[in-house]
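Please look over the sequence and the model before reading on.

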Amino acid sequence: MTGDTRRHDGALPQPTPVGDQPAGALPHQVPTPMGRLVATVERLRREVLEAQAAADGRALVELAKGILIGQLHCTPAAAARQLDLLCRESGTSPLELAADIVNQASRDHVSEIAAAFVERAGTDEDPAEPYSTVSVRLRTAESGMLAADADTQAVAESLLTNALSPLGAVAVAVWTAVPDGSLALAGHAGFPPREAVRWRHVPPGVSTVARLALRERRLVTLARLKREGLPSIGHLHWPDGGRMAVPTGTGGRIHGVLEICWPQPLAPQPPQIERQVEALAELCARTMDASPPHEFAATEGVLPDVAELIDLAEGLQDPAVVLTPVLDAEGRLGDFRIRHAGSRFVDPVGRPRGDVNGALLLEAYPMAAGESGLFDIIERVHATGEPFRAERMSLTALVDQIPLTSVADISVSRHGSAVLLIWRIEDERARLANLLQHAQRLGRIGGFEENLATGETTWNAQLYALHGLPATAPPVRLRELPGHAHPDDSAALDRFLRAVLRHRRPASVNFRLQRSDGITRHIRVVAEPVLDADQRLHAVRGAYQDISAQHWTEVALAATRDQLAHSEAESAERNRLALQLQHAIMPPTPPAIEAPGLRVAVRYRPAETESLVGGDWYDTVVLPSGLIMLSVGDVAGHGIEAATGMVVLRNALRGLAVTGAGPAQLLSWLNTVTHHLAKHVTATAVCGLFDPSTRVMRWARAGHLPPVLLRGGEAEAFPLIEGLLLGALPDVTYVEREVQLEPDDTLLMFTDGLVERRDCSVQDSLGHLVQAAAAGAGDLDGRLDRLLAESRSDTDDDTCVIGIQVG
């Protein structure tokens, strides 16, 4: 053996199995010649990929050196030394530093995506990759793709090796969108060769993952390919793996689709990863774009392929328009320029083609930008190359800011860099005449013209039907109208005729037409005089309109207004009585209650809207046993039903408390009362019995928030115990607990109107109340006033809070 047999890491080389036997193979396994050949090919393939990755990395470093040469105005050797010096000082690798230099110099889309990882890198919220790792991967992939030039196969291999394998991907396919609607496999990596041969061509209409992205024109993520039921390359090898597919294109044109395969189900990806994939698709599109570089937004010259399309459009028998894309500063499609309107061009709004030539499509036809409108169709054809044809499609244009719809047969196709639009609009005069007939029929309008020189009167068919006359009957002249109208309308018709025939002014009048069949119609007639060259009255034109439906609608509407006003007055009276009832039982600020061993203060705040009469109640009663009952509750709903339900439950609880039962039994009885009310209601409540001699309070709850205890500058809510709301079930058993109170303790009992918020849970709101209660100081009245003032509730509900101070 000759030469140095040590490895670069200083360890001795391991014995090589005979015949390049794979490591880990059993000793009795003898490799076949075919096995040796396969192993050799696989080893050479890995070496080629490693060499390509190394070359891509060297290309990135050389690009960074070139940037330093341009910025420092130094020699290549000096740039290399400067790069080594910066690596030692920053403690980064040459590839990381090179990627950072390229990002700083280019300030392009790739650098923006890499910068998005700086603030969120490595956090629990988004365990993203470091900025340097993303930069190296994207820039190395870019270098490899640029080195591959138009070799899409090499582009796919560079993408997988440099950018996608670190993300866990195992294969990548680059599809080319063919104008006939098919897909061609232009490049692939990671898929078995036989699989790539099987999928080299996908006919039009076959639904695949790539076709889905092409149809959606956006990035598509499939967590599990098998679950979606879409076939694609490699679906037999990784049936449960995830897929990503994103269209690749430049200048508004989609050249193909980049499809990425994962072996396992794909979890939802953060936006930064999706932006990386979109950036890789954008880089991939640059290598697939075979069209000459040009910008229609900046170049007004006509390209050769556009000139040929103009000649073709001029030779067609149908009206044709040639469109070219207009790109913005970032290369995205913004609009289309009307490069040529053929000599047979017919504008839907009647403009000559000279007014349309050279204009932007959305400026000439702004209504084309509607959802699924003409612009969307042209944009899709330009992007995918798939032609579009439709018969009797509606085209809407603006005429004096009024939408006018035309019906046309449409054909849109892409030819090179331009789009050919052909539309064949229906005959305009026939369409407008048909439109006018429908408008007259729907509006129950009939037109007339009366020649005063010859005495001839012309009606259209709708006017005969409006008068209830056969088509052979002579028309009714204007001067004869009073004889066909209700007698009470004669004066109005005389004024109308004088204005038109004598004063020669346009006029209108409403009258009741009494037809020969006995039917009365409410009619509006509008007329204008027609003068001859000598300013003499020559004829009168006008229209009749049947407004009977409008008249009776106005009559019904007036009756409805009267009924509504009466209902509003009744509703206001009901609300006023309910408020009086509620305030009589529970005044907003009742005087403090002095009970043995207790001082009780109450604050009650009605809902902000006076019409929302609520069902909150509170009560403090000294029982014959010497115990003090403290209760607070809330009947669901608003209005007179809630107010009356509140009165029933409050008084029922007072009467039941005289029996001497405990709070759990009282709530059980009160639940039975609630369940059997005539109008079924539900309510929540807290009931407590305080013994002044022992300072022990027994309490129970029925779906209500627990009381809050303030002791020694600290506040704490009572432990939550079981208790179903009142009225839900006929028989409910409640649990009660005892609390030993001490002198100077303060107990707060309240309804949810004090704490409830739409944007957070009740428990969070209760925690805020506990903090606010602990932070307060002063006497009992001051505490309650402060709690009401600092309440964060936003539900506009009634609020009731009781403060009990132990003596």
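This is a predicted model: local features need pLDDT of at least 70, side-chain atom pairs count only at pLDDT 80 or more; totals for chains, interfaces and linings use all residues.

Helix H13 itself spans residues 374–384 and is mostly covered, with 8 of its 11 residues buried; among them are Leu-374, Phe-375, Ile-377 and Val-381.

## Salt bridges between separate parts

A search of the whole structure finds 22 salt bridges. One of these joins the side chains of Arg-477 and Glu-450, at 3.5 Å from N to O. Arg-477 lies in the loop between helix H15 and H16, while Glu-450 lies in strand E12, so the pair ties together parts that are 27 residues apart in sequence. Arg-477 counts as partly exposed at 29% relative accessibility, whereas Glu-450 is buried at 3%.

Asp-619 forms another salt bridge, with Arg-650, and the closest N and O atoms are 3.6 Å apart. This pair links strand E19, which holds Asp-619, to helix H18, which holds Arg-650, across 31 residues. Asp-619 is buried, with a relative accessible area of 2%, and Arg-650 is buried as well, with 11%.

Trp-617 and Met-646 are 29 residues apart in sequence, yet their C-alpha atoms are 6.5 Å apart in space.

On the surface, Arg-479, Arg-495, Arg-498 and Arg-502 gather in a patch of positive charge. Arg-498 belongs to helix H16 and, at 37% relative accessibility, counts as partly exposed.

Definitions and conventions. Residues are numbered from 1 along each chain as its sequence is written. Side-chain values use heavy atoms; hydrogens and water are left out. Patches are made of residues with over 30% relative accessible area and no salt bridge: like charges are joined within 9 Å, nonpolar side chains (Val, Leu, Ile, Met, Phe, Trp, Tyr) within 5 Å. Accessible areas come from the Shrake-Rupley method with a 1.4 Å probe; for residues, only the protein chains shown count as cover. A salt bridge is a side-chain nitrogen of Lys or Arg within 4 Å of a carboxyl oxygen of Asp or Glu. Lys and Arg count as positive and Asp and Glu as negative; His and the chain ends are not counted. The place of a charge is taken as NZ of Lys, CZ of Arg, CG of Asp or CD of Glu. Helices (H or I, at least four residues) and strands (E, at least two) are DSSP runs, numbered from the N terminus. Buried means under 20% relative accessible area, exposed over 50%, partly exposed in between (1.4 Å probe, protein chains only).
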